[in-house]
Amino acid sequence: MNLVELRGVTKRYGGTVAVAGIDLAFGEGVTGLLGPNGAGKTTVLRIVATSIAPDRGDVRVLGRDPLQSQTELTEIRRRLGYLPQELGLPHDMTTFGFIDYVAVLKEWNDQTRRANEVRRVIDVVGLGPCATKRVVKLSGGQRRRVALAQALLGQPQVLVLDEPTTGLDPSQRASLRQTLSAMATDSAVLLSTHQTEDVAALCERVVVLAEGAIRFDGSVTDLVSTAAGRVWLCDEPTETGVASWRTGTGRQRVVGGPRPSNSDPAEPTLEDAYLLMLGDRAAAELSLYDG
Amino acid sequence: MTTHTWHTGADLLEAYVAGRLDALEGASVEQHLMTCPECRGRLTPLVEAPLLDHAWAGIRAAVERPPQPFFIRMARRAGLSEPTAVLLTGSASLRTAWLSSSLVALGFAFIAARVSDGLLWPFLLVAPLVPVLGVAVSYGPSTDPLETLIVTSPYGRTRLILVRALAVLASCLPFAAVLGLMLPGPLWVAAAWLGPALAMIPVLLAIASFIGPRAAAGVISGGWSAVVLLSTRRLPATWPVEPDRQLVFLALAAAACAVLALRSRVTRQIGAAL
């Protein structure tokens, strides 16, 4: 059953089209949004999170229209968790105090029940020992987990996460994956990320966005299969593919383009498929990160 | 290690779990359980897990919950509900925004009134603007780091702003009332400034939905200053807050509320009103 439906959704910022008439529906499970910077990922997430309204198109979250009335909007927000891409944390608040504040905004009015719920989400993100620490004294990864904890309050049915793994180390990312996959049995989780390995590890479904339009919508294995027979390993550097780089074994990995001489076929990954799908734009972003 | 030569019977353990023992028997069984692993092992399956979890959660909540910060405790003592106290005083940026703006502006009004030899207009110029400016500075992305979460919370941005506006009003009300009583002129002036003050809040919110909170605060401040300053030329000093003007403020507030409601619908922009 679809918990979120977007039909013909368009959003502009001035003269720039951020999202151009997209259709997207998803239910329980983890759906990953992949795309380069400026692809429209954050705009889609903000529309689903009811932070902004589309200029055109219909939105249904949990079967309700957020634009219909304040009552519908409030009902949606009671069952929604949202982690924005950038969330300022008040420097003078403790971890507990911050999440407690957000819990009040989410209408947890009973102090004892609220404290139990705050404690629960702090434990879920593994910050129990930091509950009484001021957020300003936490590391970047810990602050990101504080921000994530507030999104988990009340075990929301729809969880919208914008770049949740930014700033997390590998073990923290593994822990986050565990948390999200447990939640996804009963909730619809929509997340955006630059990390293809997060999508490969977590998402049953992946949606690739570019320039405000959906380029791919399907399972991770289907996306990976689009790169079959288009990835090679060779000994000499080549500029013929969409992207190429030297791997840890010393050989060159070449994605796309004609098959290089003296090359061996390689097992494609999600990253290969993503690079091939978005072509030069994704490759340019890749070189930006490498540089 | 203590070795027991006797153990509690099944009936006694069941009665203990069900709370049917009197205080003396209960204490005796407890004392035995503390030192007898075998009886503790037989007791465990008799206790319902959810009951145990609930009790443990209660203990954790009491032991591990950090004490509430000083300002939240103070706000609760002042009569605010616990959730409202958390919202208003949870962060230093919020506290300083409304408290400092209230006190500084009122202090200025007092000084201005004394320096100008008891003229009433400085007070009437500043006092009604204080809550409005307090509201303007106590929300918005630049002053409230949690703006992105507030926008998507079920509590609602409008409701939060109204609560903040009332907090600003309540915090400066005693000072403004005392100042009003100390100033020359009729005693009702001490309360009359509340009329424009209350009306300016929805008017600010309505204008802010078109041009943003800071510009709206500028428009409101400019408009009110013009009214007060122009009235000083030929009219009595109390003219801006006399009873028939209070009706004008009421009408303005009603119109602003209507604009807010229309704006939310017409623009299709969630939370356009605020």
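**Close-up 1. Four strands of chain A form an open sheet, ordered S11-S12-S10-S13.** The pairing here is antiparallel. Look for the edges at strand S11 (243-246) and strand S13 (263-265) of chain A, since each of these pairs on one side only. Going from one strand to the next, the twist averages 25°. Keep in mind that this is a predicted model. A bit of background: strands of a sheet pair through backbone hydrogen bonds, either parallel or antiparallel.

**Close-up 2. Here strand S10 (residues 231-234) of chain A meets S13(A).** The two run antiparallel, and three bridges join them. To get your bearings, find Leu233(A): standing opposite this residue, in S13(A), is Asp264(A).

**Close-up 3. Helix H13 (residues 194-211) of chain B is made of 18 residues.** How far apart are the end C-alpha atoms of this helix? They are 25 Å apart, which agrees with the 26 Å that the helix should span at 1.5 Å a residue. Follow H13(B) along to Met200(B) and you'll reach a kink of about 25°, shortly before the proline Pro202(B). Of the 18 residues in H13(B), 15 are buried, so the helix is largely enclosed by the rest of the structure.

**Close-up 4. This is where chain B touches chain A.** Chain B brings 28 residues to the contact, and chain A brings 38 residues. On the chain B side, helix H4 (49-64), helix H6 (82-89), helix H7 (92-115) and helix H10 (147-151) each supply at least two residues. What kinds of residues make up the side of chain B that touches chain A? They split into 15 nonpolar, eight polar and five charged.

Conventions: Residues numbered from 1 in each chain as written. Chains lettered and ligands numbered in written order. Predicted model: local features only at pLDDT ≥ 70, side-chain atom pairs only at ≥ 80, totals over all residues. Contact = placed C-beta atoms within 7 Å. Nonpolar A, V, L, I, M, F, W, Y, C, P; charged D, E, K, R; others polar. Pairing = 2+ DSSP bridges. Axes fitted to C-alpha atoms, helices over the stretch in contact; angles between N-to-C directions. Expected span 1.5 Å × (residues − 1). Bend = angle between axes of the 7 residues up to and from the residue. Buried ≥ 20, exposed ≤ 12 C-beta atoms within 10 Å, placed from the backbone.
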